[in-house]
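Take a look at the chain below.

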Amino acid sequence: MKLFQQLLVAPAAIGLLASGANAAELNINGVSDYAASADQVTSVTQFSDVYPTDWAYQALANLVEQYGCVAGYPNGTFRGNRAMTRYEAAALLNACLDRITEVTDELRRLLKEFETELAILKGRVDGLEARVGELEATQFSTTTKLRGQADFFTGAVKYADRDECNEKSPGSCESDGFNFSYRYTLNLDTSFTGKDRLYTRLRTGNMDNVWTESDSYLADAKSGDNTIKVDKLWYSFPIGNEFKVTVGALIENYYMIETPTRYKPILKAFKLGGYGAVLGASTGQGFGVQWRQDVDPGDAAFNLAVNYVADGGDGATSNSKKGMFGEDTDAYLLSQVGYGNRKWHVSALYALKNAQQDKVCVTDELGVKTCTINTEAKAAMGYSTPTAKDLAHPIHAVGLRGYWSPEDSGFIPTISAGLDFGWADSEYRGNSEAVKGWMVGLNWNDAFMEGNKLGLGFGSYSSYATEVQGQKADDQNFAIEGYYDFRVTDNITITPAVFWVDDAKGKHQVNGANKFGGLVKTTFKF
């Protein structure tokens, strides 16, 4: 028997012989009757004891009508509930083999006609098997995927009036030199069930330069000294089809909400639709819960999220007044409610920030006592004018975010926007009591060439104070940027960018701080 015949009938033979009765049940007369009637049945309806409601009716019909190799007994019955002897199984198998032999000429002709194609396919399958074997032998983990990225940054900034800026804020406006720095990132995604995710990010770089200064901070920048370290670590898992829970030893709050923007900026101030009063926190320890309505793909859905982060590493300390929930902990509570799909989305956010603030009180020669707070409190509201610490007062902030994408790439861009308001009560001079921030980001996909992207963003440089305790609130600022992502290959992108920041340190506080910057970022992904 040819190999392909053996392959065709082997499963049937094994099943038939395995299901047959033992030799003790042999009925020679029955076998003779069964074999003698092997060519008499052409339709399953000829069996008087087989009905359409029988569980094996369709399988039996296929064997009878397609292959003609199922026989019954001379009295027109099949006796499907009766145990089959090995002799009866042999008789049935022989009838099937005879039938298969009848079609071998056609099969042989087809095999010869497609001999070349079959040989090519066999070679490809063998090659794939070899590659799979090699990958399995060399992979470092069966549960973890590695994604890497290296970024080169070259460029410089120039202040509008460096001398005037340094006069007001000594030493803070010296970043005029051309520089070349890098950032290197390894992302490890681990899944134990196929639905959960353990995320670990390793990062290093040497960007302790102008790109990590408060008034020209890049969205992709990370201050570093060439030391590689774990800077993100969290675990998320689903509960049912609609809930997801995240617990992180190193996490930021915005990783635990629905991404509220489609604009990827150059300046960090435009990140997440505005990196200021509502969004934006240092890496810390936290947890969160997300809910997304289970709908058909492409349909709009509601989503909710709430999370808590002990900011800046406070959650990992054993200080009696800090830790995860201490009275002096820089605690951030963030919530979101949104509605939309992958093409458009709107959301409202609320943040409660318990930012510790140490006060410094000075009594002048007339006995008048004046207290101020330092920069840490201001940064919590996205307002970074320096002043001084020791009061943990709550800061409230609300924000709106939204984006919309056109159906097709073209003249009409993808639009993202954000608006923030924040407020707090304070008795200390220099403390911001109300802040505001806004931004608009535009992206043109496939600009000039397929796969490339043009971006334009503008708005306030982070949030600015609209009310300050004991001082004039005149701190409006503005920034604008433009960039072009040029995709050299699927793994290499070159992004030239320029930006202008107007009064990033606050118009009322530091004059001459306007700056113009230009850079080229080269990204390698692997």
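D189 counts as buried because its relative accessibility is 16%. Buried means under 20% relative accessible area, exposed over 50%, and partly exposed in between (1.4 Å probe, protein chains only). This is a predicted model: local features need pLDDT of at least 70, side-chain atom pairs count only at pLDDT 80 or more, and totals for chains, interfaces and linings use all residues. Residues are numbered from 1 along each chain as its sequence is written, and side-chain values use heavy atoms, with hydrogens and water left out.

What does D189 meet in a salt bridge? Its partner is R147, at 2.8 Å from N to O. A salt bridge is a side-chain nitrogen of Lys or Arg within 4 Å of a carboxyl oxygen of Asp or Glu. R147 lies in strand 3 and D189 in strand 4, so the pair ties together parts that are 42 residues apart in sequence. Helices (H or I, at least four residues) and strands (E, at least two) are DSSP runs, numbered from the N terminus. R147 is partly exposed, at 38% relative accessibility. R147, D189 and R197 are linked in a network of salt bridges.

The structure holds nine salt bridges. D151 and R183 form one, with their closest N and O atoms 2.8 Å apart. D151 lies in strand 3 and R183 in strand 4, so this pair ties together parts 32 residues apart in sequence. Both D151 and R183 are buried. D420 and R401 also form a salt bridge, with closest N and O atoms 2.8 Å apart. D420 sits in strand 14 (residues 414-423) and R401 in strand 13 (residues 390-404), so parts 19 residues apart in sequence are tied together. D420 is buried, at 2% relative accessible area. R401 is buried too, at 3%.

Now turn to the rings. The structure holds 18 aromatic pairs. Rings of Phe, Tyr and Trp (its six-membered ring) pair if their centres lie within 6.5 Å; planes under 30 degrees apart count as stacked, over 60 as edge-to-face and the rest as tilted. F152 and F180 form an edge-to-face pair, 5.6 Å centre to centre, with 75° between the planes. F152 lies in strand 3 (residues 144-159) and F180 in strand 4 (residues 179-190), so the pair ties together parts 28 residues apart in sequence. F152 is partly exposed at 35% relative accessibility, whereas F180 is exposed at 56%. Elsewhere, Y199, W234, Y254, Y255 and Y275 form one aromatic cluster.

Next comes helix 3. Which residues of helix 3 (residues 57-67) are buried? They are Y57, L60, A61 and V64. Seen down the axis of helix 3, these residues fall within an arc of 100°, so they line one face of the helix. The arc is that of the directions from the helix axis to the C-beta atoms. On the other side of helix 3, Q58 and Q66 are exposed. Just after helix 3, G68 takes a positive phi of about 60°.

Finally, consider the whole chain. Its secondary structure comes to eight helices and 20 strands. Of its 526 residues, 43% count as buried.
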